[in-house]
Amino acid sequence: MHALGFAAYSGTGKTTLLEKIIALLRQQGLRVATVKHAHHDVDIDQPGKDSWRHRQAGAFEVVIASDQRLALMREFERPAQLSVHHLLAELYQG
């Protein structure tokens with residue numbers, strides 16, 4: 001696996017640049033994954049949905065999957081400072 005990193009202040013155009021780079025890499029036949037760090041509370045599910053309710057009930061991890069996509073939410077018992085190496089290790093290696 002090859003990794004490429006971008007870091008800059010909010011509003012500087014990182015997402016726009018990455019959208020173009022991702023499209024170019026896909027045109028070359030490459031499989032692309034992204035790792036995004038957030039400085040705020042992140043939730044991929046909507047309140048009231050089953051996976052949200054499972055987390056609210058205390059599930060440590062919740063995986064939601066279909067034939068098109070998979071998402072994993074993992075709760076930490078206390079704030080965790082994960083390195084980029086930890087995040088890259090979570091990517092699918094198949």
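Ala38 lies in the loop between α1 and α2 (50-57). Helices here are DSSP runs of H or I with at least four residues, strands are runs of E with at least two, and both are numbered from the N terminus. Ala38 is partly exposed, with a relative accessible area of 26%. Buried means under 20% relative accessible area, exposed means over 50%, and partly exposed falls in between (1.4 Å probe, protein chains only). The C-alpha atoms of Ala38 and Ile21 are separated by 21 Å, and the two residues are 17 apart along the chain.

This is a predicted model: local features need pLDDT of at least 70, side-chain atom pairs count only at pLDDT 80 or more, and totals for chains, interfaces and linings use all residues. Residues are numbered from 1 along each chain as its sequence is written, and side-chain values use heavy atoms, without hydrogens and water.

Now turn to the charged pairs. The structure holds 3 salt bridges. Each is a side-chain nitrogen of Lys or Arg within 4 Å of a carboxyl oxygen of Asp or Glu. Glu75 pairs with Arg55, with the closest N and O atoms 2.7 Å apart. Glu75 lies in the loop between β2 (70-74) and α3 (84-89) and Arg55 in helix α2, so the pair ties together parts 20 residues apart in sequence. Arg55 counts as buried, at 12% relative accessibility.

Arg74 has two partners. Its salt bridge with Glu61 has closest N and O atoms 2.3 Å apart. Glu61 is in strand β1 (residues 61-65) and Arg74 in strand β2. Arg74 also meets Glu90 in a salt bridge (3.2 Å, N to O). Shared partners join Glu61, Arg74 and Glu90 into one network.
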